[in-house]
Amino acid sequence: EVSVLSTPVAQPEGVMVAPTDSSIVYIGGISSHDLGVVDISVFSAPVLVETRRGVGMQLVGATRKDQPVWPRDSATAASADDAADADLVYMAGWGARGSLVVLNSSSASRPALQCRTPPSQDLQLAMANRVKLHRDWALMPLETRLGGFGVVDISGAVAAQEGGEAAVSQV
């Protein structure tokens with residue numbers, strides 16, 4: 001059986017399950033920079049819960065649940081669920097003006113903007129197309145003609161006030 005839901009998210013590039021509720025998925029659009037929130041609790045009838053316009057993500061994102069800080073096989077490793085940023089979703093904002101967007105998914109069907117890189121640094125992250133988490137950094141390949149690589153300090157993402165900014169540096 002196949003179920004299809006039309007959404008206003010143009011050219012969806014990525015989809016991920018909300019880290020706090022497996023019945024909610026996020027869909028990100030590469031050209032629209034929109035976020036679609038979809039409830040898939042009834043497989044045969046997915047429902048569009050919300051569309052966040054112009055949030056700025058491609059949604060090839062990351063969470064501590066799929067990229068924990070600690071090794072998974074260590075007997076002494078802390079659980080990714082216990083990480084201070086377990087509810088945060090890190091996403092690449094692809095385009096001529098790129099960004100790192102961080103959403104708080106503690107209310108999975110109504111994710112809130114936690115923080116993003118400062119707009120003054122968007123040109124540094126132009127064409128950021130993925131996010132990988134490593135310790136206190138978001139590692140972002142830049143899909144430019146010569147190639148590039150951005151590193152964003154995410155150590156302050158948990159403490160950021162809603163809608164705040166995160167520091168960025170580019171390698």
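**Exercise 1. Is arginine 53 buried or exposed in this predicted model, and which residue does its side chain meet in a salt bridge?**

Step 1. Take the accessibility of arginine 53. Its relative value is 56%. Exposed means over 50%, so arginine 53 counts as exposed.

Step 2. Find the partner. The side chain of arginine 53 meets that of aspartate 34 in a salt bridge, at 2.9 Å from N to O.

Step 3. Aspartate 34 sits in the loop between S2 and S3, and arginine 53 in the loop between S4 and strand S5 (88-93). The pair therefore ties together parts that are 19 residues apart in sequence.

Step 4. Check the partner's cover. Aspartate 34 has a relative accessible area of 5%. Buried means under 20%, so aspartate 34 is buried.

Step 5. Side chains of opposite charge can pair when their charged atoms come close.

**Exercise 2. How many salt bridges does a search of the whole structure find?** **Describe the ones formed by arginine 110 and by aspartate 122.**

Step 1. Give the count. The search finds three salt bridges.

Step 2. Start with arginine 110. Its partner is glutamate 50, and the closest N and O atoms are 3.7 Å apart. A salt bridge needs these atoms within 4 Å.

Step 3. Locate this pair. Arginine 110 lies in the loop between strand S6 (99-104) and strand S7 (112-116), while glutamate 50 belongs to strand S4. Parts 60 residues apart in sequence are thus tied together by the pair.

Step 4. Classify arginine 110. At 46% relative accessibility, arginine 110 counts as partly exposed.

Step 5. Turn to aspartate 122. It forms a salt bridge with arginine 116, with the closest N and O atoms 2.4 Å apart. Aspartate 122 is buried, at 7% relative accessible area.

**Exercise 3. Which strands pair with S3, and in what sense?**

Step 1. Look at strand S2 (residues 24-29). S2 and S3 pair in the antiparallel sense over five bridges.

Step 2. Look at the turn. The hairpin of S2 and S3 has five residues between the strands. Histidine 33 takes a positive phi there, near 55°.

Step 3. Look at S4. S3 and S4 also pair in the antiparallel sense, over five bridges. Valine 38 stands opposite leucine 48 in S4.

Step 4. Judge the cover of S3. Strand S3 (residues 35-39) is mostly covered, with four of its five residues buried.

**Exercise 4. Where does valine 9 lie, and which residues is it in contact with beyond its neighbours in sequence?**

Step 1. Check its cover. Valine 9 has 4% relative accessibility, so it counts as buried.

Step 2. List contacts, leaving aside neighbours within four places in sequence. Valine 9 is in contact with Ile27, Gly28, Gly29, Ser32, Asp34, Leu35 and Gly36.

Step 3. Take one distance. Valine 9 and serine 32 are 23 residues apart along the chain, and their C-alpha atoms are separated by 6.3 Å.

Note on methods: Residues are numbered from 1 along each chain as its sequence is written. This is a predicted model: local features need pLDDT of at least 70, side-chain atom pairs count only at pLDDT 80 or more; totals for chains, interfaces and linings use all residues. Side-chain values use heavy atoms; hydrogens and water are left out. Buried means under 20% relative accessible area, exposed over 50%, partly exposed in between (1.4 Å probe, protein chains only). Helices (H or I, at least four residues) and strands (E, at least two) are DSSP runs, numbered from the N terminus. Two strands pair if DSSP finds at least two bridges between them. Contact means heavy atoms within 4.5 Å.
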